[in-house]
Amino acid sequence: MGEFQVHRVRFFAYVPAGIRCVAHSPRSARLALARTDGALEVYNFAANYFQEKGIPGHETRSTEALCWTAGDRLFGAGLGGDISEYDLEKLRVKYSLDGFGGPIWSMAADPSGTQLAVGCEDGSVKLFQVLPDKIQFERSLDRQKGRVMSLSWHPSGTRIAVGSIDLLRVFDVKSGHAIQRILVDRRLQGLYSRECVVWSVAFLSNGTIVSSDSVGKVQFWDSEKGTLLETHPVSSSAVLCLAVSEEEDSIVVGTSEGAVYQFQLLPVKWGSAESKWVRTKPFQHHTHDVRAVAHSATALISGGLDAQLVIRPLMEKVHGKGYDAALRKFTFPHRRLVSCAKKAGLLLFQFPQHLELWRLGATNSAGKDGDILPVSRAPEHLLQLKSKGPEHICCSCISLCGSWIAYSTASRLHLHRVHLENGSVSVKRVSKVPKLLCSAHQLLCSADSTSLFVASDQGAVHVLKLLEPGGCGHLQTLRPNSGSTEAVYLLAASADGDWLAAAGGDWEINVYSLRHFKPHCTVPAYNCAVTALAIHPVTNNLVITHSDQQVFEFSIPDREYTTWSRKVQQHGLHKGWLERDMPITHIAFNPKQPTHILLHDTHMFCILDKSLPLPDDATPLMNQTSLKQLSEKARRGHAHAFKICKKYQGLGQ
Amino acid sequence: MAMTRRRRAMLEKDVTAPEPPVGAAASSEDEEEDEAPEEVTFERARAAAETERRRAGETARRDKELLKEKRRRREELFKEQKKRKLLPENVLEELTSGPQINNNNLSDTTKQGENQDESENKNEGCNRGQDHEGGKQVVRLKGSYMAVRLKDHDLTSQHQKMAKDFVQSHLYGPGTNRTTANQFFSFANKKSPVKKAAVQFVNKSWGTEKKQKAKQFKKRWMSKKMVSSV
């Protein structure tokens with residue numbers, strides 16, 4: 001008899017939005033990514049490429065350019081004509097300033113990070129000064145005819161190269177005049193065709209301008225004389241984006257066909273001083289247009305309209321096998337999008353603008369391990385809840401009994417009461433939600449469905465009381481002792497309703513006592529991001545997973561790590577476990593087996609059995625299939641704690 | 001009305017003719033050798049002058065009449081245009097009674113055929129009260145009317161729409177070698193050595209009207225059957 005009945009849910013039709021632009025900050029090793037639906041994500045490269053922050057999208061926001069300035073501030077500009085600064089602590093837009101030039105096509109920060117140049121639809125390049133708490137319009141360079149599609153600062157900050165339609169111009173920043181005008185030819189050979197759009201430019205420190213255009217060529221120009229140095233026809237469709245490495249010896253370009261090419265500056269002959277740009281490596285990791293590329297010190301980063309973010313390390317820059325050497329493809333967010341009402345057998349799916357409630361199917365038969373059981377009652381789509389307004393849904397949750405649904409957008413919290421009576425579903429909105437809760441970053445219902453925990457800014461967690469006929473009231477606000485300013489993004493509640501654990505953006509985990517409504521303790525600091533939290537229903541041990549694949553178990557009543565956790569730390573985790581590239585996004589427990597911990601990430605599902613010995617690096621980690629062929633006695637000898645199953649098809653497939 | 005100086009001179013000459021007839025005769029006789037004398041009696045000249053004056057007066061009057069006529073016609077035309085600006089009576093009635101019938105749907109304005117701007121401005125006032133959150137274009141009245149939302153037509157969204165169209169036409173418009181996934185795979189199926197059917201061969205949206213009609217007929221038939229059996 002199989003141990004579990006596994007429901008294979010194939011009706012979650014989540015389609016992520018395509019990636020429109022990326023911005024890499026080498027100083028803080030972070031990548032900011034903007035999608036076509038207006039959502040923003042920040043990936044932390046140092047924490048094993050974990051998606052640490054996310055700002056939900058907006059219907060009217062279409063970001064065309066992102067850039068990091070001094071002090072790790074992130075600015076975005078789009079076709080709405082506004083320049084917005086993003087507040088990465090409160091996870092929202094701090095303010096927006098109208099550029100007064102029409103839709104903004106491109107934006108770049110100068111090498112010192114104190115000025116922003118913005119290219120607008122009306123042909124003007126406007127300079128903004130970055131002040132400590134806002135940006136201010138400084139002046140506008142000479143207006144030209146034709147929209148400014150792309151721009152790039154010279155590393156000295158004195159000149160700007162601007163690409164528009166059929167033309168390249170070089171502006172002198174101090175005087176504001178155009179000092180060079182270069183015509184980009186429309187076609188290399190053949191008849192006259194439609195206009196050539198210069199999709200992106202880059203200005204190198206030796207005065208060379210690199211341009212990529214809609215005809216499919218990458219050209220190198222001399223900005224002093226205005227002459228063409230080299231032409232490389234790369235594809236038959238447009239070359240949409242390009243990025244230069246910091247040492248200026250490598251350029252990455254992305255095309256409409258989904259191919260990414262690398263150009264390198266190589267000496268013409270071995271040992272000679274003269275060098276040329278040569279197209280070296282082609283990569284085809286995307287199926288649709290690649291609209292954004294970035295070049296970090298060791299990897300090529302590309303994002304496309306197929307919603308995939310691909311990080312391809314360059315082998316000559318990476319030493320040995322480890323985190324840095326793996327090809328990573330991120331398609332789905334590292335956040336929880338599905339909530340489960342365990343007692344009622346319901347699933348809540350979170351889409352950008354609506355929620356869906358489904359009842360799981362049921363089966364009457366039983367079978368052995370690996371059998372597919374026939375479904376006697378099909379899964380049922382019970383409810384579709386549309387959110388009003390242009391903002392996208394940030395987080396959602398359903399209570400364990402399935403009678404309360406809560407979701408939050410960037411500006412409001414919504415709470416609904418659901419009645420399910422033999423076949424009929426009715427939903428009623430709870431109107432008087434306390435005003436102090438403007439937005440939530442994470443929502444969680446308590447185990448007995450009497451309270452709702454709302455994770456909010458500045459490390460605070462609000463506790464709301466859920467009243468029976470359909471109301472709610474504010475009970476308490478829990479704040480950490482350390483006074484952190486970052487928003488809380490993970491919550492875990494214990495089954496007996498006594499403890500609540502919260503993890504914030506500064507990677508600090510606080511445990512609060514719900515009986516006395518005050519902080520109980522803080523988990524010792526670890527220098528990596530927290531990806532999942534859960535509290536064991538019986539022993540009240542807090543299980544924590546980090547983005548570098550470490551697993552910890554912390555006993556809340558004793559305020560210290562458990563002995564098993566210390567054993568794991570001493571022994572070290574298996575190499576195969578540590579080299580996984582996806583973070584664990586959810587932890588659960590088996591009520592029948594108190595020593596089991598269930599974990600999963602995008603590609604695999606694992607049952608961690610604390611009573612079994614830990615594997616060392618010599619034994620294979622994924623030994624489930626081989627164990628099945630052994631006899632019972634041999635199995636007991638070879639079994640180790642990590643039982644991993646990759647047979648299930650994750651969301652990626 | 002302009003009399004020739006010669007004519008006037010002659011008239012004056014004729015009026016003063018009796019006094020120095022001898023002199024005139026003498027002078028005229030002097031001129032006799034140069035040109036043929038015009039023998040115009042006073043009566044005839046006076047009659048001619050009167051008719052001249054009368055004719056002149058008549059032309060003046062006629063001109064004035066014409067101008068008046070023109071002015072009157074212009075005024076009428078303006079009045080008619082103004083009447084045309086206002087929507088016909090029945091439409092206005094419907095609009096004012098509309099909110100009571102379906103009370104959810106409008107922050108819209110109606111635009112009719114030619115006179116778009118004026119009618120939009122006129123009706124903005126009476127319809128602005130009802131706001132529908134998140135509502136898109138709603139076709140409210142049948143016939144040649146269409147309801148649009150003013151928010152979609154303001155300057156920023158127009159610019160944004162133009163910019164998006166520019167990008168769309170450059171990435172996906174004519175001149176780019178793009179095709180849909182459906183067509184691409186269908187071609188591959190047809191060109192392969194083993195010919196297969198095109199991808200998504202049946203389009204669910206074919207013949208929707210016929211299907212609707214069939215559904216209605218079936219409903220009616222069933223109800224007729226029920227009635228006759230009962």
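Tutor: Let's start with a definition: a salt bridge here is a side-chain nitrogen of Lys or Arg within 4 Å of a carboxyl oxygen of Asp or Glu. Keep in mind that this is a predicted model.

Student: How many salt bridges are there between chain B and chain A?

Tutor: The general idea is that side chains of opposite charge can pair when their charged atoms come close. Between chain B and chain A, the count is 1 salt bridge. It is formed by A:Asp289 and B:Arg178, whose closest N and O atoms are 2.5 Å apart. On the side of chain B that touches chain A, the residues divide into 6 nonpolar, 7 polar and 4 charged. There are also 4 residue pairs in polar contact between the two chains, with both residues at pLDDT 80 or more.

Student: What area do chain B and chain A bury between them?

Tutor: The size of an interface is often given as the accessible area lost when the parts come together. Here chains B and A bury about 1500 Å² between them, and 59% of that is on carbon and sulfur atoms. In terms of residues, 17 from chain B are in contact with 21 from chain A.

Student: How many salt bridges are there over all chains?

Tutor: The rule gives 25 salt bridges over all chains. One example is A:Arg73 with A:Glu85, at 3.0 Å from N to O. A:Arg73 belongs to strand S6 (residues 73–78) and A:Glu85 to strand S7 (residues 82–87) of chain A, so this pair ties together parts that are 12 residues apart in sequence.

Student: Now the sheets. In which order do strands S49, S50, S51 and S52 of chain A stand?

Tutor: Strands of a sheet pair through backbone hydrogen bonds, either parallel or antiparallel. In chain A, these 4 strands make an open sheet in the order S49-S50-S51-S52, with antiparallel pairing. Its edges are S49 (586–590) and S52 (642–645), each of which pairs on one side only. From one strand to the next, the twist averages 25°. Inside the sheet, S50 (residues 593–600) and S51 (residues 605–609) of chain A are joined by 5 bridges, and A:Leu598 stands opposite A:Ile607 in S51(A).

Student: Which strands are the edges of the sheet with S45 and S48 in chain A?

Tutor: That open sheet has 4 antiparallel strands in the order S45-S46-S47-S48 (chain A). The edge strands are S45 (530–535) and S48 (560–561). Strands S46 (residues 541–546) and S47 (residues 551–555) of chain A pair over 5 bridges, where A:Ile544 has A:Phe552 in S47(A) as its bridge partner. Helix H1 (residues 563–571) of chain A lies across S47 and S48, running at about 150° to S47(A).

Student: What do S19(A) and S20(A) form?

Tutor: They form a hairpin with 4 residues between the strands, and A:Gly226 in the turn has a positive phi of about 75°. S19 (residues 217–222) and S20 (residues 227–233) of chain A run antiparallel, joined by 6 bridges. A:Lys217 has A:Pro233 in S20(A) as its bridge partner.

Student: To finish, where does B:Lys211 lie?

Tutor: B:Lys211 is part of helix H8 (residues 208–229) of chain B. Leaving out residues up to four places away in sequence, B:Lys211 touches B:Lys204 and B:Trp206.

Terms used:
Residues are numbered from 1 along each chain as its sequence is written. Chains are lettered from A and ligands numbered from 1 in the order in which they are written. This is a predicted model: local features need pLDDT of at least 70, side-chain atom pairs count only at pLDDT 80 or more; totals for chains, interfaces and linings use all residues. Side-chain values use heavy atoms; hydrogens and water are left out. Two strands pair if DSSP finds at least two bridges between them. Helices (H or I, at least four residues) and strands (E, at least two) are DSSP runs, numbered from the N terminus. Axes are lines fitted to C-alpha atoms, for helices over the stretch in contact, and angles run from 0 to 180 degrees between N-to-C directions. Contact means heavy atoms within 4.5 Å. Buried area is the accessible area (1.4 Å probe) that two parts lose on being put together, summed over both. A polar contact is a pair of N or O atoms within 3.5 Å; within protein, one must be able to donate a hydrogen and the other to accept it, and residues adjacent in sequence count only if both atoms are side-chain atoms. Ala, Val, Leu, Ile, Met, Phe, Trp, Tyr, Cys and Pro count as nonpolar, Asp, Glu, Lys and Arg as charged, and the others, Gly among them, as polar.
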